[in-house]
Amino acid sequence: MSIASRVRAASVAAAVVAAGVLAAGSAAQADSGSVSLTIYKGGWVIGGSGGSGTLTFQGKRYRLSIGGLSAGLVFGASKANLYGRVSNISRPSDVAGVYGAAGAGGALGPGAQAIVLRNQKGAVLELQGRQVGLIANLDLSGMALSLR
């Protein structure tokens with residue numbers, strides 16, 4: 001093996017090790033917390049949603065505000081009580097942002113809900129809970145969370 005080949009191989013190995021260390025460092029910095037949200041949704045063709053919630057992160061509680069719009073086929077109203085986990089956050093403000101989802105759903109009376117959403121900062125919400133109301137939707141939805 002020539003000296004140039006050895007230098008190239010050593011450089012590639014060093015780059016792989018450095019990438020692994022950087023990835024481990026950023027994964028170690030990311031943390032998770034728990035969330036509980038109450039969301040009211042309603043509309044007639046164009047819909048809106050709003051509500052409030054709580055983030056529990058590193059032993060502290062933070063109040064959240066929720067707002068959003070839906071465009072598409074939305075008819076009716078509902079209330080959802082959701083709880084779950086938020087991951088890939090380093091500080092409470094990482095949970096703030098716009099979460100998007102496209103899909104179809106509905107509820108007539110009580111119904112179970114489960115959803116996974118991601119914001120522009122990489123925070124991931126894994127939520128489950130119950131929805132009550134009379135609503136049918138086939139829409140593009142967006143939800144904005146902010147710290148109060």
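How many helices and strands does the protein chain have? The chain has 1 helix and 5 strands (DSSP runs numbered from the N terminus; helices are H or I of at least four residues, strands E of at least two). Their order from the N terminus is α-β-β-β-β-β. The model is predicted: local features need pLDDT of at least 70, side-chain atom pairs count only at pLDDT 80 or more, and totals for chains, interfaces and linings use all residues. Residues are numbered from 1 along each chain as its sequence is written, and side-chain values use heavy atoms, with hydrogens and water left out.

Of the 148 residues, 30% count as buried (under 20% relative accessible area; exposed is over 50%, partly exposed in between; 1.4 Å probe, protein chains only). Among contacts (heavy atoms within 4.5 Å) between residues at least 6 apart in sequence, 70% join residues at least 24 apart.

A nonpolar surface patch of about 550 Å² is made by Trp 44, Val 45, Ile 46, Leu 73 and Phe 75. Strand 1 (31-57) and strand 2 each give two or more residues to this patch. The largest share, 3 residues, comes from strand 1. Phe 75 lies in strand 2. Phe 75 counts as partly exposed because its relative accessibility is 32%.

Gly 76 is also placed in strand 2 (residues 60-89). At 30% relative accessibility, Gly 76 is partly exposed. Leaving aside residues up to four places away in sequence, Gly 76 touches Lys 41, Gly 42, Gly 43, Leu 134 and Ile 135.

How values were computed:
Patches are made of residues with over 30% relative accessible area and no salt bridge: like charges are joined within 9 Å, nonpolar side chains (Val, Leu, Ile, Met, Phe, Trp, Tyr) within 5 Å. Accessible areas come from the Shrake-Rupley method with a 1.4 Å probe; for residues, only the protein chains shown count as cover. A salt bridge is a side-chain nitrogen of Lys or Arg within 4 Å of a carboxyl oxygen of Asp or Glu.
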